[in-house]
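Dear colleague,

Here is the structure I said I would pass on. My notes on it follow below.

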Amino acid sequence: MKHDDYPEDYLRNILKEVRSIALVGASPKAERPSNYVFKALLDEGYEMFPVNPGQAGREIHGQVCHSSLLSLHNTLGHGVDMVDIFRSSDAALAATKEAIEIGAKVVWMQLDVRNDAAAKLAEKAGLKVVMNRCPLIEMSRPTWTGRVILS
């Protein structure tokens, strides 16, 4: 897939199908975009898991932070649907490798985060990939009709 432009249906379907999201690079600081996005996705009804080695064991918006995706996986006993990467483009490759290892279905790289090698690796493993996009921005588009929460 070309990662310069995504069909709206591709992004909309991802955001409607995923239920659990690990946010790599979550911050407890309210002024940080990762904090705001984490809280907004939590409020939207997603099951959210913060991942940040410097915050491991502490809570971000009432959710216990994990040191890594592997630590989260070991704690849960299963993977998550989506890994949202709030790290540098260089760090996205390591996060993507862990996302594959824990059985994630989607790797989503935030605004200004792009790593084509990570995208190729994830796609080869069968994951969907989004780069340089913010799920909240996608959800604010006029064509967004909200999530369908399945029980």
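**Notes on the model**

The cover over the buried residues of α1 includes β5 (82-85), β6 (106-109), β7 (128-130) and α6 (135-139). Contact here means heavy atoms within 4.5 Å. Helices (H or I, at least four residues) and strands (E, at least two) are DSSP runs, numbered from the N terminus. In α1 itself (residues 8-17), the buried residues are Tyr10, Leu11, Arg12, Ile14 and Leu15. Buried means under 20% relative accessible area, exposed over 50%, and partly exposed in between (1.4 Å probe, protein chains only).

This is a predicted model, in which local features need pLDDT of at least 70 and side-chain atom pairs count only at pLDDT 80 or more, while totals for chains, interfaces and linings use all residues. Residues are numbered from 1 along each chain as its sequence is written, and side-chain values use heavy atoms, with hydrogens and water left out.

The sheet is open and has five strands in the order β2-β1-β5-β6-β7, with parallel pairing. Two strands pair if DSSP finds at least two bridges between them. β2 (47-51) and β7 are the edge strands, each with a single partner, so one side of each has no neighbour in the sheet. Ignoring direction, neighbouring strands are turned by 15 degrees against each other on average. β6 and β7 run parallel and are joined by three bridges; Trp108 has Val130 in β7 as its bridge partner.

Helix α2 (residues 33-44) lies across β1 (20-24), β2 and β5, and runs at about 160 degrees to β2. Axes are lines fitted to C-alpha atoms, for helices over the stretch in contact, and angles run from 0 to 180 degrees between N-to-C directions.

The axes of α4 (residues 92-101) and α5 (residues 116-124) come within 8 Å and cross at roughly 10 degrees. From α4, Ala92, Leu93, Thr96, Lys97 and Ile100 meet Ala117, Ala118, Leu121 and Ala122 of α5.

Two residues other than glycine have a positive phi: Asp112, near 70 degrees, and Asn132, near 55 degrees. Most residues other than glycine have a negative phi. Asp112 sits in the loop between β6 and α5 and counts as exposed, at 69% relative accessibility. Asn132 is in the loop between β7 and α6 and, at 36%, counts as partly exposed.

Regards
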